[in-house]
Amino acid sequence: MAISVFDLFKSGIGPSSSHTVGPMIAARRFVMALAEDDLTSQVARCKVELYGSLGATGKGHGSDTAVLLGLEGEHPTSIVVETIAGRLEGIRQARQLTLPGAHVIVFDEKRDLVMHKRRALPFHPNAMQFIATDSAGSVLSQRIYYSVGGGFVLDDTAAEGEPVVKADETPVRYPFTTGDRLLELCAEHDMSICEIMMQNELSWRTEAEVREELLALWEVMQDCVKRGCQVHGILPGGLKVKRRAAELYEKLSLHPEAAMRDPLTVMDWVNLYALAVNEENAAGGRVVTAPTNGAAGIIPAVLHYYHRFVSGASEKGIVDFLLTAGAIGILYKENASISGAEVGCQGEVGSACSMAAGALAAVQGGTPEQVENAAEIGMEHNLGLTCDPVGGLVQVPCIERNAMGSIKAINAARIALRGDGKHFVSLDKVIKTMRETGADMKTKYKETARGGLAINVIEVPVSFPDC
C-alpha cells in the first residue's frame with residue numbers, strides 16, 4: 001500500500017479526524033455509492049449506527065454532525081466551516097436530509113442515528129453501519145465502514161465481514177515500510193529522508209505540485225494559529241473550558257522584551273501555537289490532520305518554532321520538514337496505528353511528537369541517523385499514553401497535551417542533534433513496542449471516556465445539541 005504525505009496531512013474540520021473527518025467521509029462515500037448505482041431516488045430512509053469509540057464519545061467528538069453533513073454530500077476538505085451551525089439547525093428543525101441529487105428524505109435523528117455506547121464490531125473500534133431502505137422497507141444498500149485514524153476510512157463487505165482496504169498500489173521509486181529500510185535507502189543513494197520522500201511523491205504529482213500543495217497546508221496551519229490567537233471565550237460542549245491562546249498571545253506581544261530576561265519565553269510561544277490550533281480544533285474549526293485532529297497542534301507548533309526562531313529557516317525547509325514528518329508518519333501507519341481508539345493517545349500525540357522531532361532534526365542539518373534517533377526519542381517517552389477525554393470532548397487533557405508534545409518534540413530533536421545518531425533503541429523497535437502496548441491497554445483507556453481522567457475529575461454536566 002503506497003501512502004503519500006498528503007494522505008497523512010490534509011485539511012479538515014475539528015474536533016477529531018477519526019470521529020469527525022472519518023464519519024463525514026464515510027457518510028459521503030455511502031450516498032455517492034447510492035448515486036453511482038442509480039438508487040438515490042428510491043431511498044426513503046437512511047439509518048446510521050455508530051459502534052465502539054464512535055458510539056461512546058461520538059457526541060462529544062461531533063460524529064453526529066459529521067454524519068448528517070456527509071449524508072448531504074459534504075466533504076471535510078471543502079465544507080465551509082462558517083455554514084455548519086446553520087446547516088445543522090435547518091436539518092434538525094425540518095427533520096429532513098437532502099441527499100446528493102436534491103433528493104429529500106425524512107431523517108429523525110433519534111430514530112435514524114443510533115450510537116451504541118458499549119457495542120463494538122470486531123475489526124476496529126471505530127465502526128459505522130449505513131442502511132438505505134425504500135418506502136416498503138426493503139434494503140437498497142447496507143455498508144460498514146471503519147474510521148481507522150487520521151481521516152483514513154476502510155470499507156467492509158457486509159455479507160462476508162472481511163475488511164476490503166482500497167489500497168493505493170501506485171509504485172513508488174523508493175518503497176520502504178521500516179525505519180531500517182529508510183536509512184538503507186538514504187545510504188545507498190546518498191540522499192536525505194526528505195529527498196527519498198520527494199522522489200516517491202513524484203509518483204502522484206510533479207515536484208512543483210508537491211511543493212505548492214505542502215505550502216498550501218502550511219498556510220492552513222498558519223491561518224489556524226492566527227484564528228486561535230484572536231478568539232476569546234468558552235469552548236463548546238459544557239465543560240466550560242476557557243480559551244487561553246488569545247490572552248497568552250496578548251501577554252507575549254505586549255512585553256516582547258521579556259524574552260531577553262527569560263530565554264525560555266520561546267517555550268511560551270511554542271505552547272501558544274499548539275494551544276491556538278487545538279482550541280480551534282475543539283471548536284470545530286479548520287485544521288490540518290497531522291496526522292490526526294487530536295494531535296493537530298504539534299507539527300504546526302514545531303513548524304512555527306522552526307520558521308520563527310531557527311536561524312536560516314526557509315520555504316524549502318518548510319517543505320523538507322513536512323516531507324520528513326510524512327516519511328516518519330508512514331512508518332507508524334504501516335506498522336502500528338495513529339488511532340487513539342485503537343492504541344491510546346500514544347498513537348496520536350506520540351506519533352505526532354515523533355514526526356515533528358525527526359522533521360525538526362532534519363531541517364536543522366541532522367543526518368538521517370540523527371533524524372531517526374529524534375523520532376525514536378519522541379515516541380519512546382510517550383509510550384503508554386492513554387486517550388481519556390473528559391466528557392468525550394477533545395479538550396481536557398487533549399489541548400494541553402499537544403503543547404507538551406510540541407515541547408517534547410523540540411527537546412528530542414536537540415538531544416539527537418547533540419549525538420552522532422547511534423542509540424540503543426531503534427525507531428522500528430519503539431514503533432513495535434507502541435503497537436504492543438496499545439494491544440495490552442484496556443479498552444477504557446482508548447477514547448471511550450470510561451477511564452483515566454475522564455472518570456477521575458469532578459463530574460461536570462456536558463451538553464450537546466438537541467437531536
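**Briefing: domains, cavity, helices and backbone**

Ala 102 counts as exposed because its relative accessibility is 61% (exposed is over 50%, buried under 20%, partly exposed in between, with a 1.4 Å probe and protein chains only). The model is predicted: local features need pLDDT of at least 70, side-chain atom pairs count only at pLDDT 80 or more, and totals for chains, interfaces and linings use all residues. Residues are numbered from 1 along each chain as its sequence is written, and side-chain values use heavy atoms, with hydrogens and water left out.

**Domains**

- The protein is divided into domain 1 (13–159) and domain 2 (179–445), with bounds from an automatic or database domain assignment.
- The centres of domain 1 and domain 2, taken over C-alpha atoms, are separated by 30 Å.
- To the contact, domain 1 gives 22 residues and domain 2 gives 19 residues (contact means heavy atoms within 4.5 Å).

**Cavities**

- The whole structure holds 4 cavities of 30 Å³ or more (a cavity is a set of points on a 1 Å grid over the protein atoms alone where a 1.4 Å probe fits but cannot get out; lining residues have an atom within 4 Å of a point).
- The largest cavity has a volume of about 140 Å³, a volume being the space filled by probe spheres set on the points, with grid points joined across faces, edges and corners.
- Of its 15 lining residues, Gly 294, Glu 348, Cys 387, Val 394 and Cys 398 are the closest to the centre.
- The lining of the largest cavity comprises 6 nonpolar, 5 polar and 4 charged residues (Ala, Val, Leu, Ile, Met, Phe, Trp, Tyr, Cys and Pro count as nonpolar, Asp, Glu, Lys and Arg as charged, and the others, Gly among them, as polar).
- Domain 1 and domain 2 each supply at least three residues to this lining, and helix α18 (residues 398–417) gives the most, with 3 residues.

**Ser 16**

- Ser 16 sits in the loop between β1 (10–13) and α2 (17–36) (helices are DSSP runs of H or I with at least four residues, strands runs of E with at least two, numbered from the N terminus).
- Ser 16 is buried, at 5% relative accessible area.
- Beyond neighbours within four places in sequence, the contacts of Ser 16 are Val 21, His 61, Asn 281, Asn 293, Val 394 and Glu 447.

- Helix α13 (residues 298–309) is largely enclosed by the rest of the structure, because 9 of its 12 residues are buried.
- The buried residues of α13 pack against α9 (207–228), α12 (265–282), α14, α16 and α18.
- Helix α19 (residues 427–440) has 14 residues and should span 20 Å at 1.5 Å a residue, which agrees with the 20 Å between its end C-alpha atoms (the expected span is 1.5 Å times one less than the number of residues).
- Leu 427, Asp 428, Val 430, Ile 431, Met 434 and Gly 438 are the buried residues of α19, and their cover includes α7 (179–189) and α14 (315–335).

**Backbone**

- Most residues other than glycine have a negative phi, and most peptide bonds are trans.
- The Ala 290 to Pro 291 bond is cis, with omega near 0°; Pro 291 is in the loop between β10 (286–289) and α13.
- The Val 396 to Pro 397 bond is cis, with omega near 5°; Pro 397 is in the loop between α17 and α18.
- Ala 102, in the loop between β3 (96–99) and β4 (103–106), has a positive phi near 65°.

Notes
1 Å grid on protein atoms, 1.4 Å probe; cavity = no way out; pocket = protein on both sides within 12 Å on 5 of 7 lines; lining within 4 Å.
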